[in-house]
Each structure stands twice: as C-alpha cells, then as structure tokens.
Amino acid sequence: MFTLLDQQMMQRALDLAALGRFTTQPNPRVGCVIAHDERIVGEGWHRQSGEAHAEPLALQAAGEQARGATAYVTLEPHSHASRTPPCSQALIRAGLKRVVCATLDFNPQVHGEGVRQMREAGIHVEVGLLEAQAQALNAGFEKRMRTGLPRVTVKIAASLDGRVALASGESRWISGTAARADVQRLRAETGAVLTGVQTVLADDPQLTVRDPAIDTLGRQPLRAVLDSHLRMPISARMLGEAGRTIVFTTAAEAKAAPLAGKGAEIVALPAAADSRVDLAQGLRRLGDMQCNDVLVEAGPTLAGRFLELGLADEMILYIAPVLLGPDARAMVQLPPLGRMADRLQFAPHRTEQIGDDLNLVLHPTRLP
C-alpha cells in the first residue's frame with residue numbers, strides 16, 4: 001500500500017524525469033529520488049543518451065546516506081550492461097532498503113529483470129505507483145519497445161470550418177504566434193518530424209527546433225520526407241540544416257545521387273497498393289533508427305492517409321478563430337463514407353487555449 005508521502009516522492013521523481021523531455025531521445029525520460037522518510041538525500045534525472053542515468057546520479061548525491069533509504073524511480077532500473085553500468089546493481093551495492101518503481105521497463109532486455117535482481121538481493125521492491133503518469137511520459141519509448149514502431153502524432157493547424165489553406169495553397173499563417181511556438185515544443189520532444197514531398201515543394205519547411213528558449217543540447221529531430229518519385233529539390237532548406245534528413249522513396253537508385261550529394265539519406269521502400277511509399281514500412285524503418293515518436297507535419301492527403309490507415313496514435317489540432325470558406329482546402333483528405341458507422345472517431349484527451357487558438361489533443365477510439 002502506497003502512502004501519501006510515497007505519492008509525493010514519486011511525483012517529485014516524475015517532475016525530474018520531465019526535465020529531459022527535449023534531450024533524452026532515444027532513451028526514456030527517468031527521474032529518481034532517494035529519501036529517508038520525508039527527508040530527500042539525493043536526486044537525479046537522465047539528461048542525454050550516453051550520459052549517466054537517473055539512479056547513479058541520485059546515489060552520487062546521497063552518498064552514504066543512501067544506505068537504508070528508499071529510492072523512488074519512474075522506470076524500472078535497467079539490469080544489463082549498455083553504455084552505462086546496470087542501475088539495478090548500483091542500487092543493490094548502495095544498500096537501499098526499499099525501491100519503488102512507477103512502471104516496469106518494456107525493453108525486453110530489462111522487463112522485470114531489474115526488479116528480480118533487486119528482490120533477490122533483499123531489497124523490498126514495489127511497482128505501480130503513479131504508473132499512468134510514468135507511462136505517459138515515455139509513451140513513444142514504450143510503444144517502440146513493445147512493437148518496434150514509433151508513436152505517431154498528426155499535427156494540424158486549421159480554421160473553425162476545418163480548412164488548412166486557401167484554394168491557392170496559401171496557408172501562412174492560420175494559427176497564431178503562441179500556437180506556432182507550441183509546435184516548436186512538439187518538435188523538440190519528438191524523434192522525427194515527417195512530411196510529404198508535396199509540402200516540401202509548396203512550403204519548403206525547415207522542420208527544425210529554432211526557439212532559443214528550448215534547450216535540446218544541440219539535438220535536432222530527424223527529418224523524414226516521403227517522396228515516391230524523388231521530386232525533392234536539392235535546394236530544399238532542410239538539406240542545409242543540422243541533423244539528419246531521410247528521404248523514403250520507391251524510385252530507382254539512379255535518381256538518388258543529387259539528393260545524396262546534399263547529405264540526404266535515401267531509403268528505398270516497397271510501394272503500397274496505391275503506388276506510394278508504404279507508410280507502415282516507413283514507420284518500421286524509423287523505429288529501427290530508434291525514433292520513439294514521430295510528428296507528422298504534412299498536407300491534407302498525407303495526414304488523411306495516416307488517419308485512414310489507423311497509423312496515428314494521436315491527433316493534435318490547433319484551431320484558429322477564423323473562417324476560410326468552402327473553397328479552402330479541407331484539413332484531411334479521406335475516402336467518401338457510405339455509412340455513418342464507418343466514420344473515424346476520436347476522444348478528447350486534453351483541451352486548452354494557446355494564445356488565441358484552441359488546442360485539442362485527440363486519441364482515436366475507433367480504428368479503420
């Protein structure tokens with residue numbers, strides 16, 4: 001049975017873990033608090049892949065005071081040698097009396113093994129405190145560990161009447177300054193930003209994090225472009241940006257040389273039934289590249305394909321208080337429905353106002 005003090009300590013550990021939301025990819029965000037009753041003697045959080053994990057940092061801060069203490073960890077301590085030593089063994093050597101884990105680690109190399117090692121060493125281990133919050137913090141990592149696929153968010157900025165651009169294609173700017181700043185946060189939290197070649201041709205986006213208030217420690221999300229016939233120009237701005245640009249294509253290898261010469265990584269994928277790049281295969285490749293989360297910033301056609309195929313785990317809408325009229329472009333392109341029962345349905349997960357815009361975070365409740 002967890003006490004109110006346990007909950008307060010784990011909440012502190014979750015707050016620490018969230019400090020790494022822009023920097024830990026592809027690793028999970030983890031925080032640790034070491035305490036004797038209500039007295040905290042050590043804290044730590046994982047900052048960046050390759051650097052120390054949360055548990056040894058908290059143990060270093062606690063020193064000898066860790067002996068006989070309780071550790072509150074937002075994710076099961078890893079139990080295998082990686083770029084850092086096993087955290088489960090560090091906790092055992094420190095002489096802790098009790099370890100409380102918010103959730104198990106779904107990495108198959110770890111899942112339950114860290115808990116088993118600590119229990120065999122005589123530590124009292126409990127799991128499940130504030131589990132939902134801990135899993136939400138690392139939802140993309142958990143999905144990739146379970147399925148090999150990243151978690152997919154489709155982001156759309158639209159008018160009140162569900163339009164994303166005028167008939168001419170003009171779309172800058174539907175959403176306000178605050179909403180666009182929030183998109184910078186979304187990019188900073190993700191492993192890859194994905195778009196289609198049509199968006200590259202129309203808008204020439206950079207797809208980078210440029211807000212100086214967001215410290216990513218120099219990390220930029222991977223940029224992925226779906227380009228079946230390699231129409232992406234070598235003058236595209238994203239090719240001059242720091243970080244990786246991946247171009248998924250079905251085209252012959254001979255057409256790839258100009259883009260590859262500009263630093264793009266060309267990945268050939270099989271075509272889907274519609275002759276375009278197979279989206280599921282593209283996501284599988286991004287998972288292989290250790291992308292936990294993918295943010296889709298694309299036009300109505302590609303956004304609609306992700307939704308239609310049930311590949312989106314989340315949709316984020318920025319709804320501006322403007323009307324664009326019936327000739328403007330709809331926010332997604334979907335095939336016609338013959339029955340109301342075939343509609344795609346979503347459940348509101350979070351609603352807030354960002355500047356003058358309404359922000360809706362929606363989760364699908366009925367997949368195709």
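Visitor: What kind of runs are the helices and strands named here?
Guide: The model is a predicted one. Helices (H or I) have at least four residues, and strands (E) at least two. Both are numbered from the N terminus, and both are DSSP runs.

Visitor: In which loop is the place of Pro 26?
Guide: Start with its peptide bond. From Gln 25 to Pro 26 the bond is cis, with omega near 5°. Pro 26 itself belongs to the loop between α1 and β1.

Visitor: What is the strand order of the open sheet?
Guide: The sheet is open, with 5 strands and mixed pairing. β2 and β5 (124-127) stand at its edges, each with a single partner strand, so one side of each has no neighbour in the sheet. Neighbouring strands are turned by 15° against each other on average, direction ignored. The order reads β2-β1-β3-β4-β5.

Visitor: Which helix packs on the sheet, touching β1, β2, β3 and β4?
Guide: This helix covers residues 4-18. Its direction makes about 145° with that of β1. The helix is α1.

Visitor: Is Asp 37 buried or exposed?
Guide: Asp 37 sits in the loop between β1 and β2. Its phi is positive, about 55°, although the residue is not a glycine. The cut-off for exposed is over 50% relative accessible area. Asp 37 has 65%, so it counts as exposed.

Visitor: How many bridges join β4 to β5?
Guide: β4 spans residues 98-101 and runs parallel to β5. Arg 98 stands opposite His 124 in β5. The number of bridges joining these strands is 4.

Visitor: What arc do the buried residues of α2 cover?
Guide: The buried residues of α2 (54-62) are Ala 54, Glu 55, Ala 58, Leu 59 and Ala 62. They lie on the same side of α2, because the arc around the axis is only 130°.

Visitor: At what angle does α2 run to β2?
Guide: The cover over the buried residues of α2 includes β1 (31-36), β2 (39-45), β3 (70-73) and α3 (87-93). Gly 63 follows the helix, with a positive phi near 60°. α2 lies across β1, β2 and β3, and its angle to β2 is about 140°.

Visitor: What covers the buried residues of α4?
Guide: In α4 (113-120), the buried residues are Gly 114, Val 115, Gln 117 and Met 118. Their arc around the axis is only 165°, which puts them on the same side of α4. Just after the helix, Gly 122 takes a positive phi of about 95°. The cover includes α3, β4 and β5.

Visitor: How far from the ring centre of Trp 173 is Arg 180?
Guide: The structure holds 0 aromatic pairs. Charges over rings do occur: the charged end of Arg 146 sits over the ring of Phe 106, 3.9 Å from its centre. Arg 180 lies over the face of Trp 173, and its distance from the ring centre is 4.5 Å.

Visitor: What does Thr 216 touch, beyond residues up to four places away in sequence?
Guide: Thr 216 is found in the loop between α8 (197-203) and β9 (222-226). Buried means under 20% relative accessible area. Thr 216 has 8%, so it is buried despite its place in a loop. Residues up to four places away aside, it touches Phe 22, Thr 23, Ala 188 and Val 209.

Visitor: What is the relative accessibility of Leu 217?
Guide: Leu 217 is in the loop between α8 and β9. Its phi is positive, about 55°, although it is not a glycine. The residue counts as partly exposed because its relative accessibility is 27%.

Visitor: How far apart in space are Ala 303 and Thr 147, C-alpha to C-alpha?
Guide: Ala 303 belongs to helix α11 (300-308). It is buried, with a relative accessible area of 1%. Neighbours within four places in sequence aside, its contacts are Val 154, Ile 156, Ala 298 and Val 332. Thr 147 is 156 residues away in sequence, and the C-alpha to C-alpha distance is 22 Å.

Notes:
Residues are numbered from 1 along each chain as its sequence is written. This is a predicted model: local features need pLDDT of at least 70, side-chain atom pairs count only at pLDDT 80 or more; totals for chains, interfaces and linings use all residues. Side-chain values use heavy atoms; hydrogens and water are left out. Buried means under 20% relative accessible area, exposed over 50%, partly exposed in between (1.4 Å probe, protein chains only). The arc is that of the directions from the helix axis to the C-beta atoms. Contact means heavy atoms within 4.5 Å. Two strands pair if DSSP finds at least two bridges between them. Axes are lines fitted to C-alpha atoms, for helices over the stretch in contact, and angles run from 0 to 180 degrees between N-to-C directions. Rings of Phe, Tyr and Trp (its six-membered ring) pair if their centres lie within 6.5 Å; planes under 30 degrees apart count as stacked, over 60 as edge-to-face and the rest as tilted. A charge sits over a ring if NZ of Lys or CZ of Arg is within 6 Å of the ring centre and within 35 degrees of the ring normal.
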